[in-house]
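Please look over the sequence and the model first.

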Amino acid sequence: PSYQRIKILLFIYNKGNHPTIEDIYSTLHPEIPTLSKTTVYNTVRVFMDAGIIKSLQGSCGEIRYDNTAVPHAHLICKRCGKIYDLKKHFESFRETKIEGHLVLEQNICLCGVCKSCLEKGKDAGTS
């Protein structure tokens with residue numbers, strides 16, 4: 001593993017907020033001036049192919065990366081855009097076949113309003 005790959009993996013694992021390629025690049029580039037977005041894209045692809053990380057689609061269609069390869073659900077807040085890991089277990093995570101279909105990957109993504117936004121008094125409607 002190269003220095004750049006190690007730093008990218010540590011960033012994804014330590015950041016914990018489902019970063020985008022841009023998040024990874026803009027944070028690490030000042031520390032690693034030779035880092036390119038192409039290197040970030042290629043490294044993330046290697047990690048995904050190895051099953052170390054997973055991708056998910058955030059709000060506005062952006063692709064984000066998850067440091068937990070164990071099946072779990074996400075909540076995307078329609079107010080602040082943050083993505084939260086949910087500990088709730090869904091029955092379908094155990095199934096490899098559903099209605100005769102072979103399940104290769106499972107992504108459960110719920111959209112709503114996070115508890116932080118609710119506590120701040122933002123209404124539950126979407127903007």
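## Burial and the cysteines

A residue is called buried when its relative accessible area is under 20%. The model discussed here is predicted. Cysteine 117 has 2% relative accessibility, so it counts as buried. Cysteine 77 is buried as well. Its relative accessible area is 1%.

For cysteine 77, the closest cysteine sulfur belongs to cysteine 80. That sulfur is 3.6 Å away, which is too far for a bond. For cysteine 117, the closest cysteine sulfur is in cysteine 114. The distance there is 3.7 Å, so this pair is also too far apart for a bond.

## Helices H1 and H2

Two packed helices are described by the angle between their axes and by the distance between the axes. Helix H1 covers residues 3–15, and helix H2 covers residues 21–28. They pack at an angle of about 120°. Their axes are 11 Å apart. The crossing of H1 past H2 is right-handed.

Which residues make the contact? H1 contributes Lys7, Ile8, Phe11 and Ile12. H2 contributes Asp23, Ile24, Thr27 and Leu28. By class, the residues of this contact are five nonpolar, one polar and two charged.

## The loop between them

Threonine 20 sits in the loop between H1 and H2. Is threonine 20 buried or exposed? Its relative accessibility is 11%, so it counts as buried. Leaving aside residues up to four places away in sequence, threonine 20 touches Glu62, Ile63 and Arg64.

## The sheet

Three strands form an open sheet. Their order is E4-E3-E7, and the pairing is mixed. Strand E4 (83–86) and strand E7 (108–112) stand at the edges. Each has a single partner strand, so one side of each is left without a neighbour in the sheet. On average, neighbouring strands of this sheet are turned by 30° against each other, direction ignored.

Strand E3 spans residues 73–77. E3 and E4 run antiparallel and are joined by four bridges. Within this pair, alanine 73 stands opposite leucine 86 of E4.

Notes:
Residues are numbered from 1 along each chain as its sequence is written. This is a predicted model: local features need pLDDT of at least 70, side-chain atom pairs count only at pLDDT 80 or more; totals for chains, interfaces and linings use all residues. Side-chain values use heavy atoms; hydrogens and water are left out. Axes are lines fitted to C-alpha atoms, for helices over the stretch in contact, and angles run from 0 to 180 degrees between N-to-C directions. Helices (H or I, at least four residues) and strands (E, at least two) are DSSP runs, numbered from the N terminus. A crossing is left-handed if the near helix is turned anticlockwise from the far one by less than a right angle, and right-handed if clockwise. Contact means heavy atoms within 4.5 Å. Ala, Val, Leu, Ile, Met, Phe, Trp, Tyr, Cys and Pro count as nonpolar, Asp, Glu, Lys and Arg as charged, and the others, Gly among them, as polar. A disulfide is a pair of cysteine sulfur atoms within 2.5 Å. Buried means under 20% relative accessible area, exposed over 50%, partly exposed in between (1.4 Å probe, protein chains only). Two strands pair if DSSP finds at least two bridges between them.
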